[in-house]
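What follows is a short briefing for a reader who is meeting this structure for the first time. Please look over the sequence and the model before turning to the notes below.

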Amino acid sequence: MTAGIATALRIERVALGARVGRPTHVAGRGPRVAPTSPDGPTLLAGVAGGLVPGVRAGHVVVADRVLLDGDGYDCPAAPLVAGALRRRGLTVHVGPIASVDHVVDGPDRAALAARTGALAVDTESGYLARQLGARPLTVVRAIVDGTEQPLRHPGTALRGVAALRALREAAPVLREWYDAALDRDVLLAGPRSFCAGVERAIEIVGRALQSHGAPVYVRRQIVHNAHVVQDLQRKGAIFVQEVEEIPRGAVTVLAAHGVAPSVRQQARERDLVVIDATCPLVAKVHTEVRRFAAPGSTVFLIGHADHEEVVGTRGEAPENVVVVDNPDEAARVQAVRPDRVSYVTQTTLAVEEAQESARVLRDRFPTLRAPARDDICYATSNRQQAVRAVAADTELVLVVGSQNSSNSRRLVEVAEAAGTPAHLVEDATEVDLAWLRGVRRVGITAGASAPPSLVDELVHALSGLGAVEAAESSVVDEHVQFTLPREVS
């Protein structure tokens, strides 16, 4: 497979110059445009006109779809390229680009935008997409003029310079695209994405909105994922840090990570209508702490002190609970009465590290009591087992999840421990094209709080760099379901 980078105008090719580091091929314009590579993906770069307010000279539009005569052609790699361009400091818009065979200016631009929904107009992209057929196309356009900056204006020359400068600044990303353009095998870890506790928490907020109407207040992030939070905000949820920010008597959901009893007391004092979305597996750990924390007893909580789940769990018996972050800390912690000790575990830890911390504690405290069942949740264990299997058979692992998601970060650590480079990404826009250079086998998974749609979007984005063969690698089937609280059931 051979990839190609194309420009329609020689001045565009000059702007890219040696910075692309690869030959660029002049593709022509309008119906005369010609494919530039014999069998692989093509990236078309150049200048264009803006069609909507806010798309201005010097900005860059990356097409997620190109339009021609009522037909549309997807550009799957758009999020990969747009993310890379933004990291270089460029102002980037992602959306459709319409192609026509003539210059469009004045009122015709507004009419074209209204008819197509496009952000920009050019004379090549749609024609090239039509000729490429199933072969992937990526389109990067620097804006010369827009609705606020007419084409026929004395300032056009200066705006043209700004567009060519933006194109020149984009050149290193175009080279990264070229180097990353390969046919790939993608191995999808199973299980991945939402667990039963996360699905339950999201459904609780949704049902609360249906029953009570907006707004419904949620203390902290309902689950640790920015996309989930943004979706619920659009539906009418309001997220706050503390209950003091919630109006008296309002409907309030407590997040899946659990809270300390003091938070529940604050909610009662404000007469809040509380719906508890705490994951049942986290609630189990709270129950264990209350049971173990008799007077004079020490409860070692294996986990990360700043994680919301640990903060809430410790709040059940703050005078008795000692947080143990890792095996080294387990070797140093002390107990008031070494003969009256027990331990519990944060549910989202890496299994091996948690087990090692517990082993160190058992060696030091022979009478150490343990939970009747392992505290690390089934979803965490299953996803770690799945990513370990995928890492063994791939050259790179991409984990979809938010940076504040503990279970997602652990998946990266598990893959790296298996000897495979791994990266945590919020979505496809955070994938660094340089990671993909020369990589033909990619493993993909997602943390328990990451929507499965983000995995689908990432696989689709990779298909913009070459043909993708995706296969499932499932280590266990999950059929767990949790009941909803009576307030929303």
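Helix α3 is followed by G117, whose phi is positive, near 75°; helices here are DSSP runs of H or I with at least four residues, strands are runs of E with at least two, and both are numbered from the N terminus. This is a predicted model, in which local features need pLDDT of at least 70 and side-chain atom pairs count only at pLDDT 80 or more, while totals for chains, interfaces and linings use all residues. Residues are numbered from 1 along each chain as its sequence is written, and side-chain values use heavy atoms, with hydrogens and water left out.

**Overall picture**
- The chain has 15 helices and 20 strands, and its C-alpha atoms fill a box of roughly 85 × 50 × 35 Å along the principal axes.
- Of the 489 residues in the chain, 56% are buried, where buried means under 20% relative accessible area, exposed means over 50% and partly exposed lies in between, with a 1.4 Å probe and protein chains only.
- Among contacts (heavy atoms within 4.5 Å) between residues at least 6 apart in sequence, 77% join residues at least 24 apart.

**Helix α3**
- The buried residues of α3, which spans residues 107–116, are R109, L112 and A113.
- Seen down the helix axis, these buried residues fall within an arc of 100°, so they line one face of α3; the arc is that of the directions from the helix axis to the C-beta atoms.
- An α-helix has 3.6 residues a turn, so residues three or four places apart point the same way.
- The buried residues of α3 pack against β3 (42–50), β6 (92–99), β7 (120–122) and β8 (137–145), whereas P107, D108, A114 and R115 are exposed on the other side of the helix.

**Annotated binding site**
- According to an unreviewed UniProt entry, the annotation "binding site" covers H224, H257, H307, S405, S406, N407 and S449; UniProt positions are given in the numbering used here, feature names are shortened, and annotations may be inferred rather than shown by experiment.
- H257 is found in the loop between β12 (251–254) and α8 (261–269), and is buried with a relative accessible area of 11%.
- The side chains of H257 and H224 are joined by a polar contact of 3.4 Å, that is, a pair of N or O atoms within 3.5 Å in which, within protein, one must be able to donate a hydrogen and the other to accept it, and residues adjacent in sequence count only if both atoms are side-chain atoms.
- H307 lies in the loop between β14 (298–302) and α10 (308–314), counts as buried at 8% relative accessibility, and touches H224, H257, Q346, T348 and S406, not counting residues up to four places away in sequence.

**The loop residue N225**
- N225 is found in the loop between β10 (216–219) and α7 (226–235), and counts as buried at 0% relative accessibility.
- A polar atom of the N225 side chain lies 3.0 Å from the backbone nitrogen of H227, and the N225 side chain also reaches the backbone nitrogen of V228 at 3.2 Å.

**Cysteines**
- The structure holds zero disulfides, a disulfide being a pair of cysteine sulfur atoms within 2.5 Å.
- C195 is in no disulfide, because the closest cysteine sulfur to that of C377 is the one in C195, 5.7 Å away and too far for a bond.
- C195 is buried with a relative accessible area of 9%, and C377 counts as buried at 11% relative accessibility.
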